[in-house]
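The sequence and structure come first, and the notes follow by topic.

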Amino acid sequence: MFKQLRFSFAEAFENIRSNFFHTFLSILGIVIGVAALVSILSLIDGMEQYAKEQISSTTDLKNVMIQTQTQQIINNIRVKKDSFGYLQYQDLRELQSEFQDRAKALLFTEHNAALQRVGDSTQVAAVVTGIAPDLPATEVLMLGRKFSPTDHTNRAKVAIVSAQLAQLLAKKSTVDQLIGQLIRHQQAEYTIIGVLKPGKTPAPTFFVPISSLPAGTLAQSPPICILEVNVVEDVPKIKTATEVWLKKHFPSKHQDFQVLSNEFRVDQVAKGFLLFRIVMGMIVGISVLVGGIGVMNVLLISVTERTREIGVRKALGAKKRDIMRLFLSESITVSFLGSLMGLGLGILGTSIFIPIIKALTQAPFQAAYTWNTLIVILVIALLIGVIFGTFPAIKAARLNPVDAIRHE
């Protein structure tokens, strides 16, 4: 069987070579259609990749967020719940142990408050941030030390202040003199253990261990938990596992929590580009259809020109399936030839268009060639060869050998 197929394709190549110019003109529609399809698919893939990069730069796709819903809707009116569940430091530790090395958990809460340096009656407004287990990676210490696990476990009254808050608290003294100073917050005195370098956050910020804040403060400003997943592909799994964990640890109040992630934005972009890809593919498919008709035309002419040859083959014992295999092989070969030429032309055209697009938009845009594009081209070539080559092959197979030999 394999030997017969190899012989059929070899003979098909020989027939194409002997009538190459005529064959090329007939498959020009396939060449143009496939070239346009390759260009469009590669440009759309590049646009999709660029869009995902832009989304990734504005939102962290690796994060899963757990937040408390403090309100409910009754009679189309939003009202605050009398009671609701919220995460605490012990919950953070259990959640971190649940995911171990797959995700890093961060718990924080924020509220505005007036702070007062002990021994000074002047009040300073600041954003009080209860946090665990550590400061955000964007914050860098200028003086002192960070929070230790012991600080969180012992609910230590220690604090780290931002550079802006340090300037307000220091007044006429130097910032380094703040280390060890006591700051009063909600009837509690916190010892400053660190000062941050100037960062992107302009507001004066007072960082404390979240475990040191009273339950009333946490109830007023329920903590938010951020799970930073190591591998972005694991985000859906981590999100589902988090929802299961909440149902287990808060059986009566798990509905108070909302688990959010940003991967839906990438899904929306992918769906939009998929729709665009399908619509443009259908439009370009008209050219491919015209090319398929050209292939049929080539084969019908070939059947007419080789009628006597077909009669001789049948007289020597060739069966209908042998004749059909011969012409289908030629049809598929012609289709693949046109598709490969179209692929090369499409890549060449894209390489010409990309610099023009970049010059007009000033965007770091690149075409993307994926295996999906190559697979689409191969499937198109196979389908054109089979669909448009079947009728000529059947016509050739049905020829009467006596009439075919007598054909002039």
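The lining of the largest pocket in this predicted model is made up of eleven nonpolar, five polar and seven charged residues.

**Largest pocket**

- In total 23 residues line the largest pocket, and those nearest its centre are Leu106, Ile131, Pro136, Ala137 and Thr138.
- Two or more lining residues come from each of β4, β5 (123-132), β10 (205-209) and β11 (224-229).
- Strand β4 gives the largest share of this lining, five residues.

**Second largest pocket**

- The second largest pocket holds about 240 Å³ of space.
- It is lined by 15 residues, with Gln88, Tyr89, Arg155, Ile210 and Ser211 closest to its centre.
- Helices α4 (89-99), α5 (149-153) and α7 (215-220) each contribute at least two residues to the lining of the second largest pocket.
- Among the contributors, α4 gives the most, with three residues.
- Sorted by class, the lining of the second largest pocket has six nonpolar, six polar and three charged residues.

**Cavities**

- The structure has two cavities of 30 Å³ or more.
- The second largest cavity contains about 40 Å³ of space.
- Its lining consists of Arg117, Asp120, Thr122, Val124, Leu168, Leu169 and Lys171.
- By class, three of the residues lining the second largest cavity are nonpolar, one is polar and three are charged.

**Nonpolar cores**

- In soluble globular proteins, nonpolar side chains tend to be buried together.
- The largest nonpolar core here has 46 residues, and Leu87, Phe206, Cys225 and Leu227 have the most contacts inside it.
- Strand β4 (residues 103-117) provides the largest share of this core, five residues.
- A second, separate core has 29 residues, including Val38, Leu41, Ile44 and Val334.
- Leaving aside residues up to four places away in sequence, Phe206 touches Leu115, Val127, Val128, Thr129, Ala159, Ile160, Val161, Leu165, Ile183 and Tyr190.

**Serine 162**

- Serine 162 sits in the loop between β7 (158-161) and α6 (163-170).
- Is serine 162 buried or exposed? Its relative accessible area is 6%, under the 20% limit, so serine 162 counts as buried.
- Beyond residues up to four places away in sequence, serine 162 touches Leu196, Ala203, Pro204 and Thr205.

**Leucine 246**

- Leucine 246 is part of helix α8 (residues 235-249).
- Leucine 246 has a relative accessibility of 3% and is therefore classed as buried, the cut-off being under 20%.
- Which residues does leucine 246 touch, not counting residues up to four places away in sequence? They are Ile66, Leu87, Pro251, His254, Phe257 and Val259.
- One of these contacts, Val259, is 13 residues from leucine 246 in sequence and 9.6 Å from it in space, C-alpha to C-alpha.

Notes:
Residues are numbered from 1 along each chain as its sequence is written. This is a predicted model: local features need pLDDT of at least 70, side-chain atom pairs count only at pLDDT 80 or more; totals for chains, interfaces and linings use all residues. Side-chain values use heavy atoms; hydrogens and water are left out. A nonpolar core is a set of buried Ala, Val, Leu, Ile, Met, Phe, Trp, Tyr and Cys residues joined through side-chain atoms within 4.5 Å. Buried means under 20% relative accessible area, exposed over 50%, partly exposed in between (1.4 Å probe, protein chains only). Helices (H or I, at least four residues) and strands (E, at least two) are DSSP runs, numbered from the N terminus. Contact means heavy atoms within 4.5 Å. On a 1 Å grid over the protein atoms alone, a cavity is a set of points where a 1.4 Å probe fits but cannot get out, and a pocket is an open set with protein on both sides within 12 Å along at least five of seven lines; lining residues have an atom within 4 Å of a point. Grid points are joined across faces, edges and corners, and a volume is the space filled by probe spheres set on the points. Ala, Val, Leu, Ile, Met, Phe, Trp, Tyr, Cys and Pro count as nonpolar, Asp, Glu, Lys and Arg as charged, and the others, Gly among them, as polar.
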